[in-house]
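Open the model in a viewer and keep the sequence panel beside it. The stops below say what to select next and what is there.

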Amino acid sequence: MKMMEKFRALIRTGQGGDDIGKKSSAANMGHIYGMTAPPWAQNIKNDMAVQFGNGANYIAHAQQAYCENPVAQRAVRMITDAISGAVLKISSPEIAALIDKNDGGFTILEDVSAHFLLHGNAFIHVQCDYLGRISALYALRPDRVKIIAGDDGWPVAYQYQIGQNVSEIAAYDEAGRPQIIHLRGFSPHDDHYGTGCLAASMRAVAVHNAATKWNEAFLDNAARPSGALIYDPGDPTATLTSEQFDRLKSEMEAGFSGAYNAGRPLLLEGGLKWQSLSMSPADMDFVALKAASAREISLAFGVPPMLMGLPGDNSYANYKEANRALWRLTLIPMCNKIFGAISAGLNPWVKGAKIELDLDMITALAEDREKLWAQVSSADFLSKEEKRAMLGLTHLCVEAGDE
């Protein structure tokens, strides 16, 4: 059987060493998803109970993707690091102190963006002091949060479970201010929970992980030898004796195996001949399969494959264009959603609360900004105030009559 056929059979039947098939086979996809069919094909109530009730489904997904798959982890880290390190326009020092608070090297924006990206939901607990002022913002693990809806369908409280301990947080305090800020991605089948990138990428992650384990087993177990020694003395019934076989085996292991003996010439005698074994193009298909899975993972998270170092992807002229596409198509829309939701949630606590991304400080967009500045500067029919307004510099407009 060809190597590619073995690999497909491994995924299809769930058989083979190191549990490769069990984690990636179509017959055992229920082990990955916690169900026997894709989430969108299930009953909504049962699906939410599995996915959000105990969090086991999300934990299994996160373990396979973020903890075991280098492509998915790199995509997530690239996005979260960019968002947490971006320069922001914040309306007040009070809010800036809450956003910039560093907890063990992590900021709240990094945790929130990672939860929102992977899970499709992010929950921020607004904690206040005895005077009713905001004292801290905490990102809650979404797999531990359960939304309690009222008779009208709107959330009235949130349950947060750690082990056997369950605490309930009202959606609003006595003054009508939100105690939980819920960032929700779009979901076609649920009114309260969003769908993250993790669910869309899990099949590609499963195939990529299975291919990686196949390669590891191939190297560890020498699944395909480089060649074979054939005993052919001319007599079809002749065979090596046990002593001859053991001596030949020991000499091969001692003198021709291992990296030190690579390329060493082989001296044959007594009717022995060497038959080289090579992989056919069909056997090498699993390499292309792994690369295709890596591109699908990058696509699910919105990261250009070129930035992930994947070979064969020349959709962009250079890294500068790919980086610009990452900001324009993924990072800026995600930042607008996250910062808009946080600003709306904090506004009842701090009037006029606003968090925005400072586009002027994004290095990848400097060229676009330079072109805009040149176009606006050459527009003689615009006044100074109108030019500043077009560039987003209204806060620098001087009073009438000033230079």
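A residue counts as buried when its relative accessible area is under 20%, and as exposed when that area is over 50%. The model is a predicted one.

**Stop 1: His125**

Select His125, which lies in strand 4, residues 121-128. Is His125 buried or exposed? Its relative accessibility is 18%, under the 20% cut-off, so His125 counts as buried. Now show what surrounds the residue. With neighbours within four places in sequence set aside, His125 has contacts with Ala136, Leu137, Tyr138, Leu140, Ile169, Gln179 and Ile180.

**Stop 2: the whole chain, coloured by pLDDT**

Zoom out. The protein has 14 helices and 12 strands. Of its 403 residues, 38% are buried. The accessible surface comes to about 23100 Å², and carbon and sulfur atoms hold 54% of that area. Among contacts with a separation of 6 or more, 60% are between residues 24 or more positions apart.

Colour by pLDDT. The mean for the protein is 76, and 67% of the residues reach 70 or more. Which elements have the lowest and the highest mean pLDDT? The lowest belongs to helix 3 (residues 29-33), at 32, and the highest to strand 9 (residues 180-184), at 95.

Then select residues 10-54, where pLDDT stays under 50. The model has 77 contacts beyond four places in sequence for this stretch. Residues 397-403 also stay under 50, and for them the model has six such contacts beyond four places in sequence.

**Stop 3: helix 7**

Select residues 93-100, which form helix 7. Its buried residues are Ile95, Ala96, Leu98 and Ile99. Look down the helix axis: these buried residues fall within an arc of 160°, so they line one face of helix 7. As background, an α-helix has 3.6 residues a turn, so residues three or four places apart point the same way. Turn to the other side of helix 7 to find Pro93 and Asp100, which are exposed.

What do the buried residues of helix 7 pack against? Display these partners:

- strand 1 (88-90) and strand 3 (106-107)
- helix 8 (108-119) and strand 5 (134-140)
- helix 12 (319-346) and strand 12 (355-357)

**Stop 4: Ala86**

Move to Ala86, in the loop between helix 6 (70-84) and strand 1. Ala86 has 16% relative accessibility and therefore counts as buried. Beyond its neighbours within four places in sequence, Ala86 is in contact with Trp327 and Leu357. For a distance label, pick the C-alpha atoms of Ala86 and Leu109: the two residues are 23 apart in sequence and 10.0 Å apart in space.

**Stop 5**

Finish with an open sheet of three strands, in the order 6-7-8 and with antiparallel pairing. Strand 6 (145-149) and strand 8 (165-170) are at the edges; each has a single partner strand, so one side of each is left without a neighbour in the sheet. From one strand to the next, the twist averages 25°.

Select strand 7 (residues 155-162) together with strand 8. How many bridges join strand 7 to strand 8? There are six, and the two strands run antiparallel.

Technical notes. Residues numbered from 1 in each chain as written. Predicted model: local features only at pLDDT ≥ 70, side-chain atom pairs only at ≥ 80, totals over all residues. Heavy atoms only, no water. Buried < 20%, exposed > 50% of the residue type's maximum accessible area, 1.4 Å probe, protein only. Helix = DSSP H or I, 4+ residues; strand = E, 2+ residues; numbered from the N terminus. Arc of directions from axis to C-beta. Contact = heavy atoms within 4.5 Å. Pairing = 2+ DSSP bridges. Axes fitted to C-alpha atoms, helices over the stretch in contact; angles between N-to-C directions. Areas by Shrake-Rupley, 256 points an atom, 1.4 Å probe, with all protein chains shown as cover. pLDDT = per-residue confidence, 0-100.
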